[in-house]
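Please read the following explanation with the sequence and the three-dimensional view side by side. It moves from the whole chain to the packing of helices, then to individual residues and to the partner chain.

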Amino acid sequence: MPFPDDKSDADLARAAQAGSREAFGELTLRHYPAVHAFLLSLLANRTDAEDLTQDTFLRALTKLHHFDPGQPFRPWVFTLARRLAITRWRRHKPTSTLDDSIPHPHAPTPQSAHDAAALWSLAREHLKPNEFAALWLFYREDLPVKDIARVLKKSEANAKVILHRARTTLREHLSPESWLPSHRNATAIQPTS
Amino acid sequence: MKNNDPLSKSTVDLLRAPLPDTAPRPGFETRLICNLKTASTGNTRRFSWLPFAAAAVLIALLAALPLLQTPTPAPSNLTTNPPPPPVETPRPVLELDHFAIPLRKEATALTDTATRAGQFLIHCLPSLPDPEGTL
């Protein structure tokens with residue numbers, strides 16, 4: 001591997017801007033799993049998520065000269081992913097749950113993972129794309145509100161409002177009997193072998 | 001901000017809990033890296049039109065060079081002749097069988113029109129000042 005792990009994203013981005021494909025490849029390897037997980041949760045379709053992950057990094061490569069290496073790379077690439085996902089989302093909003101569209105691994109999955117998947121499905125069903133993205137970036141990516149605002153192309157105050165609205169909306173729709181797989185009829189969301 | 005979270009702690013824990021099988025399918029990583037290697041960067045794609053544009057501009061300049069070098073008369077010295085009354089050339093008397101041929105009739109009409117238009121343009125276009133002052 002030509003780039004050791006101790007190289008920062010900023011160093012890799014500078015090298016990539018100077019024309020190093022290896023540096024951009026290393027950046028891709030570092031960040032594509034998070035981008036893929038975000039897109040998979042948003043779109044609930046594995047093929048769409050993989051296609052958009054690829055499109056995201058291809059777009060990142062073509063827009064790399066716009067990237068400021070002084071800024072964190074992950075929010076920037078999430079910005080590109082979110083735009084592509086929203087375009088796809090508007091074309092056909094996903095309605096199926098994650099469990100319906102994704103084949104489960106043969107290894108046993110803890111019940112909390114199924115509950116988490118169901119909760120994110122509920123969020124996807126009831127939240128707007130911006131709200132879902134804010135919620136995901138805050139809880140799964142641990143991004144600060146400042147970076148979430150950058151991804152959403154909003155002010156920091158506006159991002160806080162979006163995040164608060166997302167939580168409130170989610171709480172309003174939370175009723176354990178209605179969404180938790182562990183509390184409801186198992187046939188709808190039990191993993192398919 | 002986390003302290004003001006309207007969601008309960010158990011819900012927040014669930015939002016942060018690992019999701020089942022969010023990893024991409026095997027082979028995706030290889031495909032992604034291969035596609036990135038074959039893709040062109042934004043800079044090369046962005047300025048790929050530049051050589052063509054430069055060549056087009058160069059050709060246009062070379063084509064316009066003779067026109068740019070031709071001296072044009074000063075506008076103040078331009079004189080315009082008033083259009084003379086149209087001169088009607090006597091049309092030759094045509095025989096009756098002459099009109100019987102439609103194409104010949106058409107040719108005669110076009111010739112007359114061209115003659116009138118030519119005379120009009122000759123008299124209306126600005127002409128260079130006469131150095132001897134005969135006009």
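Two residues are in contact if their C-beta atoms, placed from the backbone, lie within 7 Å. The model is a predicted one, in which local features need pLDDT of at least 70, side-chain atom pairs count only at pLDDT 80 or more, and totals for chains, interfaces and linings use all residues. Residues are numbered from 1 along each chain as its sequence is written, while chains are lettered from A and ligands numbered from 1 in the order in which they are written.

On that definition of contact, 39 residues of chain A touch 29 residues of chain B. Four helices of chain A, namely H2 (21-43), H3 (46-62), H6 (111-126) and H9 (156-173), each supply at least two residues to the side of chain A that touches chain B, and H2(A) gives the most, with nine residues. Helices (H or I, at least four residues) and strands (E, at least two) are DSSP runs, numbered from the N terminus. Sorted by class, this side of chain A holds 20 nonpolar, eleven polar and eight charged residues, where Ala, Val, Leu, Ile, Met, Phe, Trp, Tyr, Cys and Pro count as nonpolar, Asp, Glu, Lys and Arg as charged, and the others, Gly among them, as polar.

Chain A itself contains ten helices and zero strands. Of its 193 residues, 42% are buried, a residue being buried if 20 or more other C-beta atoms lie within 10 Å of its own, exposed if 12 or fewer, and partly exposed in between, with C-beta atoms placed from the backbone. Among the contacts in chain A with a separation of 6 or more, 62% join residues 24 or more positions apart.

Helix H4 (residues 73-91) of chain A packs against H2(A), their axes coming within 10 Å and crossing at roughly 35 degrees; axes are lines fitted to C-alpha atoms, for helices over the stretch in contact, and angles run from 0 to 180 degrees between N-to-C directions. The contact of H2(A) with H4(A) comprises 13 nonpolar, one polar and two charged residues.

H3(A) also meets H4(A), with axes that come within 9 Å and cross at roughly 135 degrees. These two helices are therefore oblique to each other, since angles under 35 degrees count as roughly parallel, over 145 as roughly antiparallel, 65 to 115 as roughly perpendicular and the rest as oblique. The crossing of H3(A) and H4(A) is right-handed, and the residues making the contact include Asp48(A), Leu52(A) and Arg59(A) of H3(A) together with Leu80(A), Leu84(A) and Arg88(A) of H4(A).

Two loop residues deserve a look. Ala44(A), in the loop between H2 and H3 of chain A, has a positive phi of about 55 degrees although it is not a glycine, and Ala44(A) is buried, with 24 other C-beta atoms within 10 Å. Lys153(A), in the loop between helix H8 (145-152) and H9 of chain A, has a positive phi of about 60 degrees, again without being a glycine, but Lys153(A) is exposed, with 12 other C-beta atoms within 10 Å.

As for confidence, chain B averages a pLDDT (the predictor's confidence in each residue, from 0 to 100) of 75, and 63% of its residues score at least 70. The predictor gives the complex an ipTM of 0.72 and a pTM of 0.60.

Methods:
Left-handed = near helix turned anticlockwise from the far one by under 90°.
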